[in-house]
Amino acid sequence: MTGWGRFQGYTLSSLRKDMISGTIVGVIAIPLGMAFAIASGVKPEYGIYTTIVAGILISLFGGSKFQIGGPTGAFIPILFAIGMQYGYENLLIAGMMAGVFLVIMGFLKLGVLIKFIPKPLTIGFTAGIAVIIFSGQIANFLGLRDMTRHEKFVDNMREIGLHISTINVYSILTAAICLIVVMLTIRFAPRVPGSLIGLLIATVLAALFFSGKVTTIGSAYGAIPNTLPSFHFPVITWDRIVSLIRPAFLIAMLGAIESLLSAVVADGMTGERHNSNHELIGQGVANIIAPLFGGIPATGAIARTATNIKNGATSPISGVIHGVVVFLILLLFAPYASAIPLAAMAPILMVVAWNMSERREFLHLLKTKTGDSLVLLITFLLTVFADLTLAVEVGLVLAVILFVKRMGEVHLVSKVLPDPSSVKVAAHMVTDNHDCPQIGIYNVEGPLFFGAAYKFDDTMPGSGPDESTVILLRMAKVPFMDTTGEANLAGLVKQLQANGGKLMISSIQPQPLSLLRKTGLYESIGAEHFYEHTGEAINDALRVVDKSKCAGCRHSAFRECSALSGMDEVLSQRSFKGRAKAGVMPELRGGI
C-alpha cells in the first residue's frame, strides 16, 4: 500500500490507536534524538529538530505505513567524520545532497537493488558502528575531563588512556543508575520507555545529590531553545558539491539500507507490504527539507518502528503524531533538558550499540570460515580502524569478486559420450578414445560471462588439422552470456573456420541468442547452424564430415558413425553421461 491509499478505511478508532502509539514513540524519541546528535558531534537540539521535521515527512511521503524516521545510531560515525572534516554547514549540505540521491534512486525504481547488498557487508559495518558508538561513550560514562574527540577509533582510545586519571566517581554513579533502570525496565516492563525513565531518574538524583559535580547538557552545550530554528538555506557552491559527493552518497546508501531494512521488519510484524521506491522518495524528501531547519540526516529507525507497531499503530498518522509530540515537549520542557547529565546519556547509547551489534549473526558468519567471513571481518575492521566509507567500498568490491568467483565455479564444459549400457548405440563406440574424432559434442552449463570465460577456453578443444571437424555445443543450461563470453565463442568460431571446421549450437536460450544477434556472431556462425534439438544437429554434422577419413577410422566404416544419429533420443532419456576433458567434472548433469 502506497501514497494516500495507506489511509483507506481510516476511522476514529484508528486515530485513537495512532495517538497512543505516536505519543509513546515520541516520548521515547526525545532522549535518543539528543543522544544521537551529541554522539554525532552536534548540539542536542539538532537531534530534536531532525526527529520533528524528518519524522513527520518520512511518515507522510514514505512507502511504509508504520515507519518511524529520525536520527539513528548508524549515522553517528559518518556524521561525526563529516562534521570534523567539513564543518556543520557542510554536514547540512551533505544531508541535502543525500536526500537528492535518495529521491533519484526512488524515481529510477532502484529500491529493489538495495536489497541485494550482501548480508556480511551490512552486518560487518553495523557491528563496527556499534563498537564506535559504545567506545565513544566511555569518556562520558567515566566523566573524563579535557577530552578531545577524534575521528579515528585508535586516537579516541589513546585519548581515554591519557585522561583516565580524571575519572569522576559521581559521573560513574549517575551513569550506573541510568543503566540499571534501563536494564530493569527492559527486563520487567518492556513496554515502558526505559531510556526515558532511566534518564529522568538519573537526572533527578544527580540534581539532588551531585549538583555541580557532573557535566550536564547545559554546561557543555548551553540551554536548549524551546522552538524550532528559523528557516535557513545553506550557501551551496560547486566546490562544496564536488567535495561532498562521496560522503553524501554514503549517507544516501546507508540511509536507504537502514530505512528499507526497517520497513521489511515492519512488514514481518504486520503482514503489510511496503513500497521500497516510495520509501526512498520519502526518505529523500525528509533529508532535503530537515537541514533547512538545522536537522541532521535521518532514516527509518527499526527500534522505534517496532515500538510503534507494538503499541497499536494503524497508519502513518502515528508517525506524524510522534513528531508533533516531540515538538510540544520541546516547547514546554526544553529548559529542563539542560539539566540532563551527559553521564546519563552514555548508557542509553551503549544499550543502543549493544542491541544493534548483530553479535549473534556476526559470530555465526565468522564460524563458517568462508569468503563471507572474510567480507564480514574486513568490513568490520575497516569500519572501526579506518572509516565507514572505505569499509563499504572495500566490502562491496570483495563481495563482487567472491560472487564472480562462485559463479565462475558453477560453469561447466564437458564432452558428451554415449552410455555403453544403451542398446541404441554400439558398445565399441563408447570405450575410451572410440568416439568419432570428427565430431565433438560438448555440454555447456552455467553463465558464460567474464568470470567463467577462462574455463570455456581451457576446456574446449583446439582446431588444428587433427582436431574435430564439427563442434556441437549444447547450450540449454546457459542462462546468460556477456560480451566476454561472446568474444570467447567468437574466437572458437574463427579457429574452426580457419581450419575448415564448423560450429553448431543446439537449444540456446533467449538471452545468449539475442546477444549473438546484436554482435553479429549469429550471422558468422550461420543461422542454419542453430538447432532446437541435439539430434537434428548431429544428423547434419554426419553429412559434413570427411568420409575419406572414416576409411582409416577405428570405427572401420563410416556407416558405424550413423549410430550417433540415435543420440537425440538417448540424450532426451538422460542415458548419456558427460566425460570432461582434463580435470573437468566428469558427469553430465541433466539432459537437453
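Residues are numbered from 1 along each chain as its sequence is written, and side-chain values use heavy atoms, with hydrogens and water left out. Because the model is predicted, local features need pLDDT of at least 70 and side-chain atom pairs count only at pLDDT 80 or more, while totals for chains, interfaces and linings use all residues.

**Exercise 1. Find what span helix α16 should have, and state whether the helix is enclosed.**

Step 1. Helices (H or I, at least four residues) and strands (E, at least two) are DSSP runs, numbered from the N terminus. Helix α16 covers residues 342-356, which is 15 residues.

Step 2. The expected span is 1.5 Å times one less than the number of residues. For α16 this gives 21 Å, and the end C-alpha atoms are 21 Å apart, so the two values agree.

Step 3. Buried means under 20% relative accessible area, exposed over 50%, and partly exposed in between (1.4 Å probe, protein chains only). In α16, 13 of the 15 residues are buried, so the rest of the structure largely encloses this helix.

**Exercise 2. Describe how α9 packs on α16.**

Step 1. Two packed helices are described by the angle between their axes and the distance between the axes. Axes are lines fitted to C-alpha atoms, for helices over the stretch in contact, and angles run from 0 to 180 degrees between N-to-C directions.

Step 2. Helix α9 (residues 169-188) packs against α16 at about 40°, with the axes 7 Å apart. This makes α9 oblique to α16; angles under 35 degrees count as roughly parallel, over 145 as roughly antiparallel, 65 to 115 as roughly perpendicular and the rest as oblique.

Step 3. Contact means heavy atoms within 4.5 Å. Among the contact residues are Ser-171 and Thr-174 of α9 and Pro-347 of α16. The contact has 11 nonpolar, 2 polar and no charged residues. Ala, Val, Leu, Ile, Met, Phe, Trp, Tyr, Cys and Pro count as nonpolar, Asp, Glu, Lys and Arg as charged, and the others, Gly among them, as polar.

**Exercise 3. Describe the pair α17 and α18.**

Step 1. The axes of α17 (residues 359-367) and α18 (residues 371-385) come within 8 Å and cross at roughly 130°. Helix α17 is therefore oblique to α18.

Step 2. Phe-362, Leu-365 and Leu-366 in α17 meet Ser-373, Leu-376, Leu-377 and Phe-380 in α18. By class, these are 6 nonpolar, 1 polar and no charged residues.
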